[in-house]
Amino acid sequence: MNSRKAEILVGGFVVLAFAAGLMLALKVVNQNMSGQSETYTLNAKFDNIGGLKVRSAVKVGGVTVGRVDSITLSPKDFTPVVSMSISKEYDQFPETSSVSILTSGLLGEQYVGFQPGFEIEGIENLSEGDYIEDTKSALVLEDLIGQFLFSKGQ
Amino acid sequence: MNWLASIGKVTIGKLSSFGRATLMLFGAIVAKPQFIKNVPLTIKQIYAVGVQSLLIVVVSGLFIGMVMALQGYTILVGYGAEGSLGPMVALSLLRELGPVVTALLFAGRAGSALTAEIGLMKATEQLSSLEMMAVDPLRRIIAPRFWAGMISMPMLAIIFSAVGILGGHVVGVDWLGVDSGSYWSIMQSTVDWDKDVVNGIIKSIVFGFVIVWIATYKGYDSIPTSEGISKATTETVVYSSLAVLGLDFVLTALMFGIE
């Protein structure tokens with residue numbers, strides 16, 4: 001085995017490994033928003049977040065505009081506070097916007113659905129750190145079944 | 001009293017062989033390292049250890065990805081969730097199967113060859129002749145093989161995962177008719193670079209370290225007869241497979257267990 005040939009083959013091996021790593025980086029891994037583009041943070045209080053998790057998507061009409069950054073419990077009134085990082089590309093949402101926790105598919109994962117409000121004169125756009133007032137909680141299946149049974153019993 | 005003495009003998013034997021292994025590692029890579037001088041030797045060893053393991057790694061990666069797509073599809077399609085085939089294949093390959101299966105193949109393909117080579121060098125007294133010529137066999141023989149194994153192993157694991165994901169694509173999308181867009185896009189929204197890919201690479205580096213350590217030590221410490229070399233080669237494969245599987249549990253628990 002002359003060393004020239006070994007060197008060429010090792011070089012090919014290294015290139016192959018880099019190509020595989022590049023493929024993983026570009027095609028397999030999510031290009032998350034927090035790493036690449038600039039983001040700003042919005043907060044929302046919910047009564048119940050259901051199965052929402054950190055890194056769940058925030059979608060406007062099905063388009064992902066951001067991700068859930070953290071989920072904490074407000075120490076004052078014991079309601080969950082969800083903070084979301086939204087891409088700076090989409091910073092034109094009016095203050096009358098509302099958010100709700102939705103489920104993709106029947107058994108899919110939960111995400112934050114963001115409905116932009118109407119642009120009316122005198123209403124400002126949402127900016128860094130704002131709280132979204134109008135929120136709708138997650139649909140908890142057990143509560144629904146409970147209500148259904150209760151209404152049947154009446 | 002006899003059984004107590006035999007327990008003591010076994011314990012002392014194990015401990016002293018562990019100590020010799022650590023001393024060998026120390027002498028080979030920590031004490032007076034010669035990185036520049038070792039580069040050509042290491043490249044030659046990467047050829048022997050890495051490039052020659054490429055075929056078995058690529059072929060088994062392809063087939064494992066294909067089998068996983070096939071098995072996953074038959075179960076997921078029952079829930080109408082065949083779109084989740086992509087993340088299932090990618091996550092199991094990147095987190096577990098990539099590092100672990102590559103490590104097992106690596107132990108069988110490269111580890112056993114290392115042990116046999118070094119053991120035969122010892123049996124034919126090549127190691128002693130090196131010492132006679134004032135060349136440290138630890139630095140000349142062990143160190144390049146060690147670095148070559150540690151460099152090759154993560155690269156092989158990355159190639160394994162990438163090929164497996166492509167194999168899953170071939171079966172899932174081209175054969176079974178899962179939508180190509182959802183295969184890639186749901187995979188992209190689920191797989192995380194730091195959490196999944198980097199942890200898999202860390203795993204494979206640890207496995208590479210353990211396998212080459214066991215392989216070089218078993219060769220270096222083998223009884224210099226044909227019987228001794230065959231025993232050392234077997235022990236390399238058995239011990240490094242067990243070490244990889246045991247360590248994999250510990251590493252998984254540390255990386256993914258607690259959130």
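Colleague: How many helices and strands does chain B have?

Modeller: Chain B has nine helices and zero strands. Keep in mind that this is a predicted model.

Colleague: And what pattern does chain B follow along the sequence?

Modeller: Reading along, you get α-α-α-α-α-α-α-α-α.

Colleague: OK, dimensions. What does the C-alpha trace of chain B span along its principal axes?

Modeller: About 70 × 55 × 35 Å. As for burial, 45% of the 259 residues in chain B count as buried.

Colleague: What share of the chain B contacts with a separation of 6 or more comes from residues 24 or more positions apart?

Modeller: For those contacts in chain B, the share is 88%.

Colleague: Switching to α9 of chain B: how many residues does that helix have, and how far does it reach?

Modeller: Helix α9 of chain B covers residues 226–257, so to speak 32 residues. From first C-alpha to last it reaches 45 Å, close to the 46 Å expected at 1.5 Å a residue.

Colleague: Which residues of α9(B) are buried?

Modeller: They are B:Ile229, B:Ala232, B:Thr233, B:Thr236, B:Val237, B:Ser240 and B:Val244.

Colleague: And what covers those buried residues?

Modeller: The cover includes two helices of chain B, α4 (85–123) and α8 (193–220).

Colleague: Last topic, the contact between the chains. How many residues does each of chain A and chain B put in?

Modeller: Chain A gives 17 residues and chain B gives 23 residues.

Colleague: What classes are on the chain A side?

Modeller: Where chain A touches chain B, there are twelve nonpolar, three polar and two charged residues.

Definitions and conventions: Residues numbered from 1 in each chain as written. Chains lettered and ligands numbered in written order. Predicted model: local features only at pLDDT ≥ 70, side-chain atom pairs only at ≥ 80, totals over all residues. Helix = DSSP H or I, 4+ residues; strand = E, 2+ residues; numbered from the N terminus. Expected span 1.5 Å × (residues − 1). Buried ≥ 20, exposed ≤ 12 C-beta atoms within 10 Å, placed from the backbone. Contact = placed C-beta atoms within 7 Å. Nonpolar A, V, L, I, M, F, W, Y, C, P; charged D, E, K, R; others polar.
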